[in-house]
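The sequence and the model are shown below.

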Amino acid sequence: MSITALDKTDILDGLFEVWDDITALGAQLTDAQWQTPTALPGWSVHDVIAHLIGIESMLQGVDTPEADIDVTTLDHVRNDIGALNERWIRTLRSVEPAALLDQWRTVTAQRREALTAIGADDWNAVTATPAGPDSYGRFMRIRIFDCWMHEHDIREVVGRPVADDAVHTRPARLALDEMAAAMGLVVARRGQAPDGARVRIALTGPLARNIDVAVQDRRGHVVGDFGGAQPTTLIEMDGFLFTRLAGGRTTPAQHPDAVTYRGDEAVGRRIVDNLDYVI
(Lines give C-alpha, C1' and ligand atoms only; values in the text may rest on other atoms or scores of the structure.)
Protein backbone atom coordinates (compact mmCIF):
# COMPACT_ATOMS: atom_id res chain seq x y z
CA MET A 1 0.00 0.00 0.00
CA SER A 2 1.36 3.40 -1.00
CA ILE A 3 1.20 5.99 1.78
CA THR A 4 0.98 9.70 1.05
CA ALA A 5 3.74 11.53 2.93
CA LEU A 6 2.94 15.22 3.37
CA ASP A 7 4.78 18.06 5.08
CA LYS A 8 3.07 18.71 8.40
CA THR A 9 3.84 22.43 8.50
CA ASP A 10 2.50 23.03 5.00
CA ILE A 11 -0.70 21.08 5.64
CA LEU A 12 -1.42 22.58 9.04
CA ASP A 13 -0.71 26.11 7.84
CA GLY A 14 -3.23 25.50 5.04
CA LEU A 15 -5.82 24.01 7.36
CA PHE A 16 -5.53 26.80 9.92
CA GLU A 17 -5.68 29.41 7.16
CA VAL A 18 -8.93 28.07 5.72
CA TRP A 19 -10.42 27.88 9.22
CA ASP A 20 -9.52 31.55 9.72
CA ASP A 21 -11.07 32.42 6.35
CA ILE A 22 -14.32 30.70 7.31
CA THR A 23 -14.37 32.46 10.68
CA ALA A 24 -13.85 35.86 9.06
CA LEU A 25 -16.51 35.15 6.45
CA GLY A 26 -19.04 34.03 9.06
CA ALA A 27 -18.48 37.20 11.07
CA GLN A 28 -19.48 39.29 8.03
CA LEU A 29 -22.83 37.61 7.44
CA THR A 30 -26.25 38.92 8.41
CA ASP A 31 -28.73 36.66 10.18
CA ALA A 32 -30.66 36.37 6.91
CA GLN A 33 -27.54 35.28 5.01
CA TRP A 34 -26.93 32.52 7.56
CA GLN A 35 -30.26 31.00 6.47
CA THR A 36 -29.51 31.18 2.71
CA PRO A 37 -29.79 27.82 0.92
CA THR A 38 -26.54 26.56 -0.63
CA ALA A 39 -25.84 24.31 -3.61
CA LEU A 40 -25.87 21.36 -1.19
CA PRO A 41 -29.38 19.83 -1.04
CA GLY A 42 -31.14 20.61 2.22
CA TRP A 43 -28.30 22.70 3.63
CA SER A 44 -28.27 26.41 4.43
CA VAL A 45 -25.15 28.44 5.25
CA HIS A 46 -25.93 27.73 8.93
CA ASP A 47 -26.03 24.01 8.17
CA VAL A 48 -22.66 24.09 6.40
CA ILE A 49 -21.00 25.60 9.46
CA ALA A 50 -22.80 23.11 11.70
CA HIS A 51 -21.47 20.30 9.54
CA LEU A 52 -17.90 21.59 9.86
CA ILE A 53 -18.31 21.90 13.63
CA GLY A 54 -19.55 18.32 13.75
CA ILE A 55 -16.59 16.90 11.83
CA GLU A 56 -13.99 18.73 13.89
CA SER A 57 -15.82 17.85 17.11
CA MET A 58 -15.79 14.15 16.21
CA LEU A 59 -12.08 14.36 15.46
CA GLN A 60 -11.70 15.72 18.99
CA GLY A 61 -13.48 12.63 20.31
CA VAL A 62 -16.95 14.10 20.84
CA ASP A 63 -19.81 11.65 20.35
CA THR A 64 -22.25 12.34 17.53
CA PRO A 65 -25.57 13.53 18.99
CA GLU A 66 -28.90 11.87 18.31
CA ALA A 67 -31.26 13.71 15.97
CA ASP A 68 -34.94 14.46 16.52
CA ILE A 69 -35.91 12.31 13.49
CA ASP A 70 -34.63 9.31 11.57
CA VAL A 71 -32.27 11.24 9.29
CA THR A 72 -31.94 8.31 6.88
CA THR A 73 -35.44 9.12 5.64
CA LEU A 74 -34.33 12.51 4.27
CA ASP A 75 -34.03 12.60 0.48
CA HIS A 76 -30.56 14.15 0.47
CA VAL A 77 -29.08 11.59 2.90
CA ARG A 78 -27.55 8.89 0.71
CA ASN A 79 -25.18 6.98 2.99
CA ASP A 80 -23.92 6.54 6.55
CA ILE A 81 -21.64 9.56 6.35
CA GLY A 82 -24.56 11.70 5.21
CA ALA A 83 -26.64 10.44 8.12
CA LEU A 84 -23.86 11.24 10.58
CA ASN A 85 -23.51 14.76 9.16
CA GLU A 86 -27.25 15.32 9.38
CA ARG A 87 -27.39 14.40 13.06
CA TRP A 88 -25.00 17.26 13.85
CA ILE A 89 -26.84 19.67 11.58
CA ARG A 90 -30.25 19.02 13.09
CA THR A 91 -28.87 19.21 16.61
CA LEU A 92 -27.25 22.59 15.96
CA ARG A 93 -29.97 24.08 13.75
CA SER A 94 -31.60 26.02 16.61
CA VAL A 95 -28.34 27.66 17.68
CA GLU A 96 -28.19 31.38 16.86
CA PRO A 97 -25.57 32.34 14.24
CA ALA A 98 -23.32 34.27 16.65
CA ALA A 99 -23.32 31.36 19.12
CA LEU A 100 -22.68 28.87 16.32
CA LEU A 101 -19.70 30.87 15.14
CA ASP A 102 -18.39 30.87 18.70
CA GLN A 103 -18.69 27.07 18.72
CA TRP A 104 -16.70 26.99 15.49
CA ARG A 105 -14.00 29.18 17.03
CA THR A 106 -13.85 26.94 20.10
CA VAL A 107 -13.58 23.61 18.31
CA THR A 108 -11.02 24.87 15.80
CA ALA A 109 -8.92 26.26 18.64
CA GLN A 110 -9.00 22.83 20.27
CA ARG A 111 -8.09 21.17 16.98
CA ARG A 112 -5.17 23.57 16.42
CA GLU A 113 -3.71 22.62 19.78
CA ALA A 114 -4.17 18.89 19.21
CA LEU A 115 -2.81 18.92 15.66
CA THR A 116 0.20 21.06 16.53
CA ALA A 117 1.15 18.53 19.20
CA ILE A 118 1.06 15.51 16.85
CA GLY A 119 4.45 13.88 16.39
CA ALA A 120 5.93 12.62 13.12
CA ASP A 121 5.03 8.98 13.76
CA ASP A 122 1.35 9.77 14.32
CA TRP A 123 1.29 12.23 11.42
CA ASN A 124 2.50 9.54 9.02
CA ALA A 125 0.59 6.65 10.60
CA VAL A 126 -2.01 4.87 8.47
CA THR A 127 -5.57 5.75 9.40
CA ALA A 128 -9.05 5.55 7.88
CA THR A 129 -9.73 8.48 5.56
CA PRO A 130 -12.59 9.28 3.15
CA ALA A 131 -10.19 8.19 0.38
CA GLY A 132 -9.36 4.85 2.04
CA PRO A 133 -6.47 3.93 4.35
CA ASP A 134 -3.68 6.51 4.16
CA SER A 135 -1.57 8.74 6.35
CA TYR A 136 -3.08 11.04 8.92
CA GLY A 137 -1.45 13.86 7.00
CA ARG A 138 -3.46 12.89 3.91
CA PHE A 139 -6.60 12.93 6.06
CA MET A 140 -5.81 16.51 7.08
CA ARG A 141 -5.32 17.50 3.43
CA ILE A 142 -8.79 16.09 2.80
CA ARG A 143 -10.02 18.30 5.64
CA ILE A 144 -8.53 21.31 3.83
CA PHE A 145 -10.35 20.28 0.66
CA ASP A 146 -13.65 19.90 2.54
CA CYS A 147 -13.35 23.20 4.39
CA TRP A 148 -12.20 25.13 1.30
CA MET A 149 -15.09 23.77 -0.75
CA HIS A 150 -17.56 24.72 1.96
CA GLU A 151 -16.09 28.20 2.27
CA HIS A 152 -16.89 28.70 -1.41
CA ASP A 153 -20.32 27.10 -1.03
CA ILE A 154 -21.05 29.97 1.34
CA ARG A 155 -19.37 32.68 -0.71
CA GLU A 156 -21.31 31.63 -3.80
CA VAL A 157 -24.74 32.22 -2.25
CA VAL A 158 -24.05 35.31 -0.15
CA GLY A 159 -22.41 37.29 -2.94
CA ARG A 160 -18.90 37.36 -1.48
CA PRO A 161 -16.71 35.63 -4.09
CA VAL A 162 -12.94 35.82 -3.84
CA ALA A 163 -11.34 38.09 -6.44
CA ASP A 164 -9.36 36.30 -9.16
CA ASP A 165 -6.09 37.75 -7.91
CA ALA A 166 -6.77 36.34 -4.42
CA VAL A 167 -8.01 32.84 -5.31
CA HIS A 168 -4.66 31.07 -5.39
CA THR A 169 -4.06 30.64 -1.67
CA ARG A 170 -2.32 27.83 0.19
CA PRO A 171 -5.68 26.16 1.00
CA ALA A 172 -6.68 26.39 -2.68
CA ARG A 173 -3.41 24.78 -3.78
CA LEU A 174 -3.73 21.97 -1.26
CA ALA A 175 -7.42 21.41 -2.05
CA LEU A 176 -6.50 21.09 -5.72
CA ASP A 177 -3.66 18.71 -4.82
CA GLU A 178 -6.24 16.52 -3.11
CA MET A 179 -8.65 16.66 -6.06
CA ALA A 180 -5.84 15.91 -8.49
CA ALA A 181 -4.94 12.81 -6.51
CA ALA A 182 -8.46 11.46 -7.12
CA MET A 183 -8.35 11.91 -10.89
CA GLY A 184 -6.78 8.51 -11.58
CA LEU A 185 -9.93 6.86 -10.26
CA VAL A 186 -12.19 9.37 -12.01
CA VAL A 187 -10.52 8.97 -15.42
CA ALA A 188 -10.17 5.19 -15.47
CA ARG A 189 -13.14 3.95 -13.46
CA ARG A 190 -15.81 6.63 -13.69
CA GLY A 191 -14.79 7.97 -17.10
CA GLN A 192 -13.91 4.53 -18.51
CA ALA A 193 -10.83 5.81 -20.36
CA PRO A 194 -9.27 2.83 -22.16
CA ASP A 195 -5.86 1.29 -21.56
CA GLY A 196 -3.16 3.39 -23.16
CA ALA A 197 -5.12 6.60 -22.75
CA ARG A 198 -3.19 9.71 -21.77
CA VAL A 199 -5.63 12.23 -20.37
CA ARG A 200 -4.65 15.79 -19.58
CA ILE A 201 -7.05 17.98 -17.60
CA ALA A 202 -5.71 21.47 -18.32
CA LEU A 203 -6.97 23.98 -15.77
CA THR A 204 -6.89 27.64 -16.71
CA GLY A 205 -7.33 30.91 -14.83
CA PRO A 206 -5.94 31.70 -11.36
CA LEU A 207 -5.90 28.00 -10.40
CA ALA A 208 -4.08 26.94 -13.59
CA ARG A 209 -2.30 23.58 -13.61
CA ASN A 210 -2.20 20.38 -15.65
CA ILE A 211 -3.45 17.10 -14.20
CA ASP A 212 -2.05 14.22 -16.28
CA VAL A 213 -3.48 10.72 -15.96
CA ALA A 214 -2.08 7.64 -17.75
CA VAL A 215 -4.29 4.55 -17.93
CA GLN A 216 -2.72 1.10 -17.73
CA ASP A 217 -4.36 -2.21 -16.88
CA ARG A 218 -7.65 -0.33 -16.43
CA ARG A 219 -6.15 1.79 -13.66
CA GLY A 220 -5.51 5.52 -13.82
CA HIS A 221 -2.18 6.85 -12.59
CA VAL A 222 -1.61 10.54 -11.95
CA VAL A 223 1.79 11.30 -13.47
CA GLY A 224 4.07 14.30 -13.69
CA ASP A 225 3.96 14.26 -17.50
CA PHE A 226 3.66 11.85 -20.41
CA GLY A 227 7.38 11.61 -21.10
CA GLY A 228 7.20 13.70 -24.25
CA ALA A 229 4.12 11.96 -25.66
CA GLN A 230 1.02 13.97 -26.47
CA PRO A 231 -2.24 13.41 -24.57
CA THR A 232 -4.80 11.24 -26.33
CA THR A 233 -7.52 13.35 -24.71
CA LEU A 234 -7.21 16.98 -23.66
CA ILE A 235 -9.87 18.56 -21.44
CA GLU A 236 -9.58 22.28 -20.80
CA MET A 237 -11.61 24.33 -18.32
CA ASP A 238 -11.30 27.03 -15.68
CA GLY A 239 -9.70 25.73 -12.50
CA PHE A 240 -12.40 27.00 -10.19
CA LEU A 241 -15.12 25.45 -12.36
CA PHE A 242 -13.22 22.15 -12.10
CA THR A 243 -13.47 22.28 -8.31
CA ARG A 244 -17.23 22.92 -8.46
CA LEU A 245 -17.76 20.07 -10.93
CA ALA A 246 -15.55 17.64 -9.00
CA GLY A 247 -17.37 18.54 -5.80
CA GLY A 248 -20.81 17.99 -7.33
CA ARG A 249 -21.82 21.61 -6.82
CA THR A 250 -22.78 22.07 -10.47
CA THR A 251 -23.04 19.99 -13.64
CA PRO A 252 -21.45 20.17 -17.10
CA ALA A 253 -24.90 20.81 -18.59
CA GLN A 254 -25.04 24.11 -16.71
CA HIS A 255 -21.81 25.22 -18.42
CA PRO A 256 -22.21 24.00 -22.02
CA ASP A 257 -19.52 26.26 -23.52
CA ALA A 258 -17.05 26.26 -20.63
CA VAL A 259 -15.19 23.02 -21.40
CA THR A 260 -13.19 22.31 -24.57
CA TYR A 261 -11.95 18.95 -25.84
CA ARG A 262 -9.20 17.76 -28.16
CA GLY A 263 -8.25 14.27 -29.24
CA ASP A 264 -10.70 11.57 -28.18
CA GLU A 265 -13.64 13.81 -27.39
CA ALA A 266 -15.95 10.96 -26.41
CA VAL A 267 -13.57 9.94 -23.64
CA GLY A 268 -13.20 13.55 -22.52
CA ARG A 269 -16.93 14.12 -22.32
CA ARG A 270 -17.44 10.88 -20.42
CA ILE A 271 -14.82 11.95 -17.87
CA VAL A 272 -16.34 15.40 -17.39
CA ASP A 273 -19.85 13.96 -17.12
CA ASN A 274 -18.58 11.75 -14.29
CA LEU A 275 -16.21 14.23 -12.65
CA ASP A 276 -18.25 14.43 -9.43
CA TYR A 277 -16.43 11.95 -7.18
CA VAL A 278 -17.22 13.36 -3.72
CA ILE A 279 -19.15 11.14 -1.31
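Contact here means heavy atoms within 4.5 Å. The model is a predicted one.

## E151 in helix α7

Helix α7 spans residues 136–158 and contains E151. With neighbours within four places in sequence left aside, E151 is in contact with V18, D21, I22, L25 and V162. Its relative accessibility is 3%, so E151 counts as buried; the cut-off for buried is under 20%.

## Overall dimensions

The chain has eleven helices and seven strands. For 279 residues, a compact globule would have a radius of gyration near 19 Å, and the value for the chain, 19 Å, agrees with this. Along the principal axes, the C-alpha atoms fill a box of roughly 55 × 45 × 40 Å.

Of the 279 residues in the chain, 47% are buried. The accessible surface comes to about 13200 Å², and carbon and sulfur atoms account for 49% of that surface. Among contacts with a separation of 6 or more, 70% join residues 24 or more positions apart.

## Helix pairs

Two packed helices are described by the angle between their axes and the distance between the axes. Two pairs are treated in turn.

Helix α1 (residues 8–27) and helix α8 (residues 170–181) cross at roughly 115°, and their axes come within 8 Å. This crossing of α1 and α8 is left-handed. On the α1 side the contact involves D10, I11, D13, G14, E17 and V18, which meet R170, P171, R173 and L174 of α8. By class, the contact of α1 with α8 has five charged, four nonpolar and one polar residues. V18 of α1, part of this contact, is also one of the residues in contact with E151.

Helix α3 (residues 45–59) packs against helix α4 (residues 80–92) at an angle of about 115°, with the axes 8 Å apart. The crossing of α3 and α4 is right-handed. From α3, the residues in the contact are H46, D47, A50, H51, I53, G54, I55, S57 and M58; from α4, they are L84, N85, W88, I89 and L92. By class, the contact of α3 with α4 has eight nonpolar, five polar and one charged residues.

## Helix α9 and its cover

Helix α9 runs over residues 183–190, and its buried residues are M183, G184, V186, V187 and A188. Both helices and strands take part in covering these buried residues: the helices include α8, α10 (239–246) and α11 (265–273), and the strands include β3 (198–204), β4 (209–216) and β5 (219–223).

After α9 comes Q192, which has a positive phi, near 55°.

The loop between α10 and β7 (260–263) holds H255. Is H255 buried or partly exposed? The relative accessibility of H255 is 27%, so H255 counts as partly exposed; that class lies between the cut-offs of 20% and 50%.

Apart from neighbours within four places in sequence, H255 is in contact with L241 and T250. L241 and H255 are 14 residues apart along the chain, and their C-alpha atoms are separated by 9.0 Å.

Terms used
Residues are numbered from 1 along each chain as its sequence is written. This is a predicted model: local features need pLDDT of at least 70, side-chain atom pairs count only at pLDDT 80 or more; totals for chains, interfaces and linings use all residues. Side-chain values use heavy atoms; hydrogens and water are left out. Axes are lines fitted to C-alpha atoms, for helices over the stretch in contact, and angles run from 0 to 180 degrees between N-to-C directions. Helices (H or I, at least four residues) and strands (E, at least two) are DSSP runs, numbered from the N terminus. A crossing is left-handed if the near helix is turned anticlockwise from the far one by less than a right angle, and right-handed if clockwise. Ala, Val, Leu, Ile, Met, Phe, Trp, Tyr, Cys and Pro count as nonpolar, Asp, Glu, Lys and Arg as charged, and the others, Gly among them, as polar. The radius of gyration is taken over C-alpha atoms; the globule rule is 2.2 Å times the number of residues to the power 0.38. Buried means under 20% relative accessible area, exposed over 50%, partly exposed in between (1.4 Å probe, protein chains only). Accessible areas come from the Shrake-Rupley method with a 1.4 Å probe; for residues, only the protein chains shown count as cover.
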